[in-house]
Amino acid sequence: MNPPVAVAIAVAESATATSTATAVGPTRSAARDGALAMMPLLAAYIPFALVIGSAVAAHGSPLAGWTGSWLIYGGSAHLAALRTLDNAGAVAAILTGLLINARLVVYSASLARRWGTQPRWFRVVAAGLIIDPTWAAAERHADQCSDPRQQRQFFIAAGLTLGAGWSAAIAVGALMGARLDGLDLEIVIPLCLLGLVGPSLRAAGARSVVVVAAVAALVTTSWPAGTGILVAVVAGGTAGLAGDRVSGKARSRP
Amino acid sequence: MTWIVILAVGAGSFVFRLGPLLVLERMTLSDRGDRVIRHAGTAAITALIVVTTKHNATGGSVLPTVLAVAVGVVLAARGGSMVRLLVFGGATYAGSAIVMELLTR
């Protein structure tokens, strides 16, 4: 691992420790909680952003590529769109990016039921910041805090913290360009995502979702980019529902 | 052409994000629908893990990638933080890649 990432990780570890130590303090604002919740994730996502920055640098229009850090705000779709543009043209790149980001509908629908009382301006602003880590953090925070105002502060702070760091790291990656190629950083992408599904691996009911979705995604890897993800979403959702039914029956038995 | 792709994917992604927030504003989901959506979110991230792992596991990096992700799965299942996952998974990848390189020389 390169030194800047190691330093960022050390900072994030200390931020997490601070967060845990003061979580019960009454003066802590939800905004600060949101920003702190993203620090470890941001540290972990920096290598991922550098990979995308390197791909951005390889294009004729690095500014356009970098703008995607805020417009697309999703690493996998951003990277896939850039790579597909090289290999198969603009239409295929757009379709690939959209198919991969189609999962955002699920995250948004999940948050919509949490944000039933939130004002419309917040939904419009927050929509641009919905992505895997902010969704996971918002879901966890909403389980602990039902106050809409605090949920707003938490989510906006979390989304902006992640977005600013993400965008800056992509810019650094774009400036470093091909010098990053030898570092083989792409392994951090699945590892970052694993950190997000960790809680599901520990919950018996959700474990079946992870297993079925993984198998479905593996079977469909040769399908056009993004379509396998949608199949896995449907398969995982169905498996989760079936698992809930089984565990519900088991609970109701005398 | 890059501008067109970025703008189109960005606009479409925003619609994906905003659509349900506005459409479901006045709708109440059943408990079942609620649970399906939560599970589907987890399934989406899992699918991305598989896709990115498969993309990375090519040529000589198959074994290092599989080992690193396996270490990541074990740590995630044991409640390890994302930073810990990254450090140990990354170290496993680097270590096994070096060993593979030495063995093939």
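This is a predicted model: local features need pLDDT of at least 70, side-chain atom pairs count only at pLDDT 80 or more; totals for chains, interfaces and linings use all residues.

Tutor: Start with helix H2 (residues 30-57) of chain A and H9(A): their axes lie 6 Å apart, and the two pack at an angle of about 25 degrees.

Student: What makes H2(A) roughly parallel to H9(A)?

Tutor: The angle is about 25 degrees. Angles under 35 degrees count as roughly parallel. Therefore H2(A) is roughly parallel to H9(A).

Student: Which hand does the crossing of H2(A) and H9(A) have?

Tutor: The crossing is right-handed. By class, the contact of H2(A) with H9(A) has 27 nonpolar, eight polar and one charged residues.

Student: How do you know that the span of H9(A) is close to the expected one?

Tutor: H9(A) covers residues 148-176, which is 29 residues. The expected span is 1.5 Å times one less than the number of residues. For H9(A) the expected value is 42 Å, and the helix reaches 42 Å from its first C-alpha to its last. So the span is close to what is expected.

Student: What follows H9(A)?

Tutor: A:Gly177 does, and its phi is positive, near 55 degrees.

Student: How many helices and strands are in chain A?

Tutor: Chain A has twelve helices and zero strands. Of its 254 residues, 52% are buried.

Student: What does buried ask of a residue?

Tutor: A residue is buried if 20 or more other C-beta atoms lie within 10 Å of its own.

Student: Now chain B. Why is H3(B) called roughly antiparallel to H4(B)?

Tutor: Their axes come within 8 Å and cross at roughly 155 degrees. Angles over 145 degrees count as roughly antiparallel. So H3(B) is roughly antiparallel to H4(B). The crossing of these two helices is right-handed.

Student: Which residues meet there?

Tutor: Among them are B:Leu67, B:Val71 and B:Leu75 in H3(B), and B:Phe88, B:Tyr93 and B:Met100 in H4(B). The contact of H3(B) with H4(B) has twelve nonpolar, five polar and one charged residues.

Student: How many residues does each chain give to the contact between A and B?

Tutor: Chain B gives 62 residues and chain A gives 83. On the side of chain B, the elements that give two or more residues are H1 (2-23), H2 (31-56), H3 (62-77) and H4 (82-104). H2(B) gives the most, with 23 residues.

Student: How does the side of chain B that touches chain A divide by class?

Tutor: It divides into 38 nonpolar, 18 polar and six charged residues.

Methods:
Residues are numbered from 1 along each chain as its sequence is written. Chains are lettered from A and ligands numbered from 1 in the order in which they are written. Two residues are in contact if their C-beta atoms, placed from the backbone, lie within 7 Å. Helices (H or I, at least four residues) and strands (E, at least two) are DSSP runs, numbered from the N terminus. Ala, Val, Leu, Ile, Met, Phe, Trp, Tyr, Cys and Pro count as nonpolar, Asp, Glu, Lys and Arg as charged, and the others, Gly among them, as polar. A residue is buried if 20 or more other C-beta atoms lie within 10 Å of its own, exposed if 12 or fewer, and partly exposed in between; C-beta atoms are placed from the backbone. Axes are lines fitted to C-alpha atoms, for helices over the stretch in contact, and angles run from 0 to 180 degrees between N-to-C directions. Angles under 35 degrees count as roughly parallel, over 145 as roughly antiparallel, 65 to 115 as roughly perpendicular and the rest as oblique. A crossing is left-handed if the near helix is turned anticlockwise from the far one by less than a right angle, and right-handed if clockwise.
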